[in-house]
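Open your viewer and get ready to pick out a few side chains.

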Amino acid sequence: MAHYLKYPKGNCAFEEQCAEYLLVEWNGDVYPCDFFVEKRYKLGNLLEENLSSLKNKRNNQFGRLKFKLSSDCLKCRWLELCYGGCLKDRIFPDNQYPEKSYYCKSYTKFFQYSNEWFKKQYEESLE
């Protein structure tokens, strides 16, 4: 429904870009998201770098991964509703399709089932 109302979707997994927050640990270490608190995703330390610099790193390194989608995703009818889902559901060791969400088939079924209902609710809200 939020999609039709042009509101944020309320779940960063379905937004075009990752959420606009950083995770800061007790010692000042900064990570791009609460699902990626791992050494390889560490952006830096708040005690050593300013917040603006860390946010830019996040957007230029980690944030770009959200846009790395499979050709199936780029052609998908539901792209504007899911944008490839959350990176945590794409970037994991045994995912043979890292440019596609683990939940892709489920999202597709859900959107096929529910889209017309949501569209109708939106249209009725305009009356």
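Start by selecting Phe36 and Tyr41: both are buried, meaning under 20% relative accessible area, with exposed over 50% and partly exposed in between (1.4 Å probe, protein chains only). Their rings form an edge-to-face aromatic pair, with 4.9 Å from centre to centre and 80° between the planes. Rings of Phe, Tyr and Trp (its six-membered ring) pair if their centres lie within 6.5 Å; planes under 30 degrees apart are stacked, over 60 edge-to-face, and the rest tilted.

A word on the model: it is predicted, so local features need pLDDT of at least 70 and side-chain atom pairs pLDDT 80 or more, while totals for chains, interfaces and linings use all residues. Residues are numbered from 1 along each chain as its sequence is written, and side-chain values use heavy atoms, leaving out hydrogens and water.

The structure holds 13 aromatic pairs. Next, select Tyr103 and Tyr107: this pair is tilted, because the planes stand at 45°, with the ring centres 6.1 Å apart. Tyr103 is partly exposed at 35% relative accessibility, whereas Tyr107 is buried at 15%.

Move on to Lys88, which lies over the face of Phe35, 4.9 Å from the ring centre; the criterion is NZ of Lys or CZ of Arg within 6 Å of the ring centre and within 35 degrees of the ring normal.
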